[in-house]
Amino acid sequence: MTDPVAVETFLAPLARTARKRRHLDGLVFWGGEAGWPDSPSEALEAEEIAFYAEGLLLDGFRMEWTLVADATGEADHLRLCFWQDGPPPPDLPPGWTALERGRWPAAA
């Protein structure tokens, strides 16, 4: 079973970022054995992000979150990638930059 305290510690920077940047959406991507889609499956409002992620992590999903900036350097959205099997998420598309990032479980 996943340790709830460890999950909360991991999600703390994401939750802080979402609170500071309430105007940003969390774009959810689901990966698996078949790979990763080009488009998100859904968009979450900032206040939903940590709660949504916590439940999935406690259920054994893996996660990578990224605060994504556009070509001007402005924060544009939070990319939330979830998967159980298969490869981790691909790099950001050209023109996008990672400002902050976290992965559960941490990369070895």
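Predicted model: local features only at pLDDT ≥ 70, side-chain atom pairs only at ≥ 80, totals over all residues.
Colleague: What makes the contact of Arg-103 and Glu-64 a salt bridge?

Modeller: The criterion is a side-chain nitrogen of Lys or Arg within 4 Å of a carboxyl oxygen of Asp or Glu. For Arg-103 and Glu-64 the N to O value is 2.5 Å, and therefore the pair qualifies. Since Arg-103 belongs to strand E5 and Glu-64 to strand E3, the pair ties together parts 39 residues apart in sequence.

Colleague: Why is Glu-64 called buried?

Modeller: The relative accessible area of Glu-64 is 5%. Buried means under 20%, so Glu-64 is buried.

Colleague: How do you know that Glu-64 and Arg-101 meet in a salt bridge?

Modeller: Their side chains are 3.8 Å apart, N to O, and the limit is within 4 Å; therefore this pair also counts. Glu-64 lies in strand E3 and Arg-101 in strand E5 (residues 97–104), so parts 37 residues apart in sequence are tied together. Arg-101 itself, at 46% relative accessibility, counts as partly exposed.

Colleague: What makes the pair of Glu-64 and Arg-79 a salt bridge?

Modeller: The N to O value is 3.7 Å, which is within 4 Å, so the term holds here too. This pair links strand E3 (residues 62–69) with strand E4 (residues 75–83), the two residues being 15 apart. Arg-79 is buried, as is Glu-64.

Colleague: How many salt bridges does a search of the whole structure find?

Modeller: The search finds three.

How values were computed
Residues numbered from 1 in each chain as written. Heavy atoms only, no water. Helix = DSSP H or I, 4+ residues; strand = E, 2+ residues; numbered from the N terminus. Buried < 20%, exposed > 50% of the residue type's maximum accessible area, 1.4 Å probe, protein only.
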